[in-house]
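Hi,

Here is the structure I promised to pass on. Please have a look, then read my notes below.

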Amino acid sequence: MTSEGVARPEPAVVGGSNYFQKAMNSGGARSLGLVIALILLCVVGMITAGDRFASTANVLTILRLAAVIGVVSIGMTFVITGGGIDLSVGAMLALASVWATTLATQQMARDYHWILMVSTALLVGAACGLINGLLIAYGRVVPFIATLAMLAGARGLAEIIAGRMTQTVKVPGFVDFFGGSFLGLPTIVWMFALVAVAGWVLLNRTTFGRRTFAVGGNAEAARLAGIKVQRHTVALYVLAGLCCGIAAVMLMARTTTGSSTHGTLYELDAIAAVVIGGTLLSGGRGTIFGTVLGVMIFTTLSNVFTLNNLSISAQSVAKGVIIVIAVLLQQRFATRATSS
Amino acid sequence: MTSEGVARPEPAVVGGSNYFQKAMNSGGARSLGLVIALILLCVVGMITAGDRFASTANVLTILRLAAVIGVVSIGMTFVITGGGIDLSVGAMLALASVWATTLATQQMARDYHWILMVSTALLVGAACGLINGLLIAYGRVVPFIATLAMLAGARGLAEIIAGRMTQTVKVPGFVDFFGGSFLGLPTIVWMFALVAVAGWVLLNRTTFGRRTFAVGGNAEAARLAGIKVQRHTVALYVLAGLCCGIAAVMLMARTTTGSSTHGTLYELDAIAAVVIGGTLLSGGRGTIFGTVLGVMIFTTLSNVFTLNNLSISAQSVAKGVIIVIAVLLQQRFATRATSS
Amino acid sequence: MSSELLRMTGIVKQFPGVRALDGVDLDVRSGEVHCLLGQNGAGKSTLIRVLSGAHQPDQGTIVVDGNEASFGSPADAMKLGIATIYQELDLVQDLTVAENVFLGHEPARFGFTNRTEIVGRTRELLRGLGHGEIPPGRRVGALPAAGQQVVSMARALSRDARLIIMDEPSAVLDSEEVANLFRVIRGLTERGVAVVYISHRLEEIREIGDRVTVLKDGATVATGLPAKETPTTELIRLMTGRSIEYVFPPRRAIPPDAEVVLKVEGLSRPREFENIGFEVRAGEVLGLAGLVGSGRSEILETLYGARRAATGEVYVDGRRLRPGQVAAAVRAGIGLAPEERKSQALLLDESVYRNITVSSLARFATTGFLNRRAERDAAEELTTALDVRPAGVDRPVRNLSGGNQQKVVLARWLLRDCRVLLLDEPTRGVDVGARAEIYALVRRLAESGVAVVLVSSEVEEVLGLADRVVVLREGRAVFSGPADEIDEHRVLDLVMEGSVV
Amino acid sequence: TSNTPEAEPSAPGATNQAQAGANDQPGKKVKIGFSAPAADHGWMGAITAAAKKEAGKHSDVELVVAEGTNDVNLQISQVETFINDKVDAIVLLPFDGAALTAVATKAMEAGITVVNVDREFNSPFAARSTVLGDNYGMGRSAGTFVCKQLDGKKDAVVAEIAGIDSLPLTQDRSKGFKEALADCGLKVNNRVAAEFTVESGEKAAANLLQAAPKIDAIWNHDDDQGVGVMAAIKNSGRKEFFVVGGAGSANVMREIKAGNGLIKATVIYPSTQGADGIRLARLIVQKKALGDLVEVEVPRTIQLYAPVVTSENVDQYLPTAFES
Ligand SMILES: Nc1ncnc2c1ncn2[C@@H]1O[C@H](COP(=O)(O)OP(=O)(O)OP(=O)(O)O)[C@@H](O)[C@H]1O
Ligand SMILES: Nc1ncnc2c1ncn2[C@@H]1O[C@H](COP(=O)(O)OP(=O)(O)OP(=O)(O)O)[C@@H](O)[C@H]1O
Ligand SMILES: [Mg+2]
Ligand SMILES: [Mg+2]
């Protein structure tokens, strides 16, 4: 019981200031490698495309592109941190967008307020998430399979509702509001920022967030600590569904349509962003900041590619290589942060 | 340690015969729920489509369809059992098929023997798997990300090599051999059966298989037990790549083409079949028999759908519902098997 | 002290193929330390899991404060003031110490965790436990096992419980830590808190316990025995059904010309240990003594190749080992029974026999194909010899009790016929009977020419079993010599003061 | 768009006078299997919808529709199922013409009439008759129209938003476009590819508009993704160019008719091909000839024309345009 016995003091970083050490160990700094990767990417963009890359308009374009998949990815971060996975995000988004743009909904929205369309989208998303959560928590279906089933089911339903046609948003207020800007930033970028900040607070500052880590890290320990693991799991999937509803509203504003093809393969993009951001696919460790970085890296990448007029195949190969480099960079910094 | 303590007879299973108990606990029987799901599906097929479903020709059609994705799924079973995941299977298949059907390869094959095309496909698959494995085992990149990068890279490369055109197989012996039949069964069905049996033996009867379970179940414990975990991991991904090479040969025979679009989204199909079969996505538990059943369920499903002229969107919804039912069934029997 | 807090009667718990509890009775009074004794697999952990709501019993009643209670979940038990320190550390590795302590009952406002409060209260609790040096903000996964045990304790205390259950809390603690734990327990009982205490170390029972309940094969065989008075032989007889000589087997003199099997030279790893060197001859048992955190496990892991040495060499039978490669060490004939058996040794979902044969697969294979019958037979033989319970080599290891899991790990290396056996806390969580058998086994192995290196937090065990002893303090050897040249007090002095001999 | 109820009557192939000939008299029962790629965008959805609608109009046609798929392996097995089922005819829009050739040949050998739609097999023995869209021609038409509009502007910036880039049909369209531009000394300055969906069109266009600060003309391969493209253009507030569409959705045609948008024209890629395939299959099985031709047999190949729709001729095409 010598004071040193049980917990040796954390070894000091050789030649590093205390502040630096602290930063390296904090959640944000585990993403240092990613920040560097993103900066490198921007440098490449600036060198190859100059002002076309560095212009305000282009930055806004990147942000707008990042917004929709960003919101989806933040919901995904919660699910993955809690030890699950959600393959149905794209399909839920599609279903929400279709449902919110049906004739009936739009008629109602025109009669009362466009907020009805928004509520519809959010409700549909949350309801799908609820089904996912119930199947997984109480039906004990593996998340991969349950959400795969939801992927097939929700997209099929979206097709049936829409008759495989693209539905145009005709409620003027809706597009004006969500397609507009506020203080120079597009509304949907604001929404992304809000969801990201709210997600960060929820994950890092609330009991809900702590319990998410516990459920994902060691579900049995969480249960023994008196946490209602099943109920919490359901909440996580509802949250993911809700994020898809929000993303559906954003995409509806951006494309002025609802369609059963919206969000195709978003599940892969979102999981990729989350995982590259540093969230463990096995649960228990997650970072919203990393996810946002992951999303930014992917969107900036495709922007830089397009600015440089690269062929799609070359883009694909380059993307593969860059992903690996980014992760190796991150790894380097992460291990240095823990082993220093 | 008293003699009394040791000799305490095992409590008998209430009302169950010993044989039944044994069967329930064995690997094959954990899939009982799946077998039942498959039988139900066949009954539905027979009721709704009668002889059109139960004919030899139709069974062969189902088997032929199952063969390609089946071989891919067996490779995937190894990777997942070993604690990893491989998102690049479809892309590796595409690249292998394209490489094996380039003008140069086909010229060589015509000059010597079509076996050269086969070797090319297998080599390309194995090489991609090797890169995956090295990145994951030695570069310590998460499997999800490493193989996602390979997915982008390999498909991009396939597009570049093929110039985004479909390449036709013009070596007569190749199509004759692999497109033909043997003892009434198509060659590719034989290949599937062979790969499945070989996979089963490898996983359940060899040291390699035993080590795969150990590595997937607890990599640290496996390492401390003296298993070369990194080398084994590489071998698993090479195996998966090899299976993709074999599948590429089969698809080349079936379509008489090599194309960069071959195998699109096979990663999801294969993972779904493996997981529905009862292999744990977290590693350490895997069953080839279950995987084969999973593949058969998915292919039979789409066959029954085609025979019944269901609307496409309704098919999608039905597929989602049926997946959930199959898993719930399996769950029911699995828990009964362990808690009996 | 006398008011009855809890009464469990006729508790039955059936697992597939095992009746873990078969009519257990237990009554606990407030302010007492009630000890649970029983062999490995007797059902102690299962009983307390029933009591804490983690398992639901098949039959039986639980009465708390005179009212019948039913615990559907751990939360229900906590509401009645029952807190538990589980045998398997039940912490979330990626959360901080403070977050773990208050997990499930975070002080919060509108859902926002009050982080200053949980950090402050955690610091207080840790200080009360004598471990103010553990930073509440540290990730739990970065703490050694003993530190995690302290966190588990802080967590139980954070609940303001009336009954605290401790399932083998001392297993990962050294003697200093145990003394500290007892101080805490006494503080609790003075306030009227009841403690259910489980341990395989009878001297601890004698020191801290008030009354004893003995379980055997899932049933109560004796209850309410006075802890101080009941003779040890009687307790052992109740537990095992026979009497056991609880002594160390006699040493046999090692011939001076016995060959050196394991030689370690100048082994160092920065911040873990420095310049460690020793030789172990065939038939010799070398004991490493030291406090928790003195680097003993790291030394074993390094010479086993699981960690890469910064400097230094390891020789087996005169041949230099390739550094940092476990496979090479295993091939050279080294075996390690690691400290954390669940995370480092066992394949929990695999069967017993597969866990035993995993390091000797080549022996059962011809051209890669396994002979499973031979595997099973070999495993069967070993589990019978080690009395692993319940018998049956096809059971998943996960369902074995802690002590029996340890035996499975030992069986793995017995099967391999090692030249060198590294044992890190081999008797942790092992019952008295099995412990005596493990001692005998270690001696027998040594006599058959194996070189054994033994790490244990029980100084008595090191001194009783080893031929030679190395005492470590903060990664440095402060004593090295024959075991009979040093006694327990001297060892404790050395590890505390570090006066170099 | 579907939420315009009055759009219903103008469904594909509804108002062609020529159809009302004797050929439409009910004849021998014909069972037709239909298989097409996944209906993952409007045009493909319209193909299947039009085929079904056409089949519904004939009391002697029984249509079996297989699950749309982009997996050639699955599509092959669908054709195999049709063969097992002994259907009279198969109308096949293959995901990849070359890959489905072998199985189509097998169907023909089994005595089943195969009608190949849109993406061509690479063997003449694989289909009795082929209804082809003209992807290359589509690109040429678009290119020629752009040339005409930009008459004389040698340094004009032309951008192209392609569809799914890994499909051979996209390659054909791009090739035609490039060659037509070359004839008037222009080239494609910026090229991006989308995935035929609204959302991917929006994404690709948003990036494209940043890549090229000044553009004179944009050709977008597909009016479905075009909805997204136009949304992106609207978001950017740019107006210095004109847009030529592709495929010819009713939406776009209405916009061309209104004449106040950036869309000046669209190149038709008929979504009625599937319906034509059904009609041909029925005629062939019933051994009838094609209405206005002198031939006693249905021709081997019918290549559909890829006309440019502008405000002048939009009224002519609007009725057969597909709703997306
Ligand atoms: N989840 C389970 N499934 C099946 N059997 C189980 C399970 N948990 C415990 N058992 C069995 O119940 C019996 C009692 O186990 P328990 O863990 O209670 O023993 P214990 O007295 O705590 O032993 P130890 O001193 O080794 O910790 C053992 O035979 C064990 O194998
Ligand atoms: N994963 C880890 N991360 C950071 N530090 C660690 C980790 N594991 C161990 N340590 C540190 O290494 C030191 C030695 O720990 P350990 O408990 O293994 O020592 P020991 O001498 O083997 O004690 P014992 O034999 O009682 O377990 C401790 O100070 C601990 O903080
Ligand atoms: Mg126990
Ligand atoms: Mg240790």
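Ligand 2 sits between chains A and C. This is a predicted model: local features need pLDDT of at least 70, side-chain atom pairs count only at pLDDT 80 or more, and totals for chains, interfaces and linings use all residues. Residues are numbered from 1 along each chain as its sequence is written, chains are lettered from A and ligands numbered from 1 in the order written, and side-chain values use heavy atoms, without hydrogens or water.

The ligand is surrounded by 14 residues (a heavy atom within 4 Å). The closest are Gly295(C), Arg296(C), Ser297(C), Glu298(C) and Glu339(C). By class, the shell holds four nonpolar, five polar and five charged residues (Ala, Val, Leu, Ile, Met, Phe, Trp, Tyr, Cys and Pro are nonpolar; Asp, Glu, Lys and Arg charged; the others, Gly among them, polar).

- Ser297(C): a polar side-chain atom at 2.5 Å.
- Ser294(C): a backbone N or O atom at 3.0 Å.
- Glu298(C): a side-chain N or O atom at 3.2 Å.

Taken alone, ligand 2 exposes 620 Å², and the protein buries 74% of that (Shrake-Rupley method, 1.4 Å probe).

**The sheet in chain D**

Six strands (DSSP E runs of at least two residues) form an open sheet in chain D, ordered 7-6-8-9-10-12, with mixed pairing (at least two DSSP bridges per pair). Strand 7 (188-193) and strand 12 (308-309) of chain D are at the edges with a single partner strand each, so one side of each has no neighbour in the sheet. Strands 8 (217-220) and 9 (242-247) of chain D run parallel, joined by three bridges. Ile218(D) has Val243(D) as its bridge partner in strand 9.

Best wishes

Technical notes: Helices (H or I, at least four residues) and strands (E, at least two) are DSSP runs, numbered from the N terminus. A polar contact is a pair of N or O atoms within 3.5 Å; within protein, one must be able to donate a hydrogen and the other to accept it, and residues adjacent in sequence count only if both atoms are side-chain atoms.
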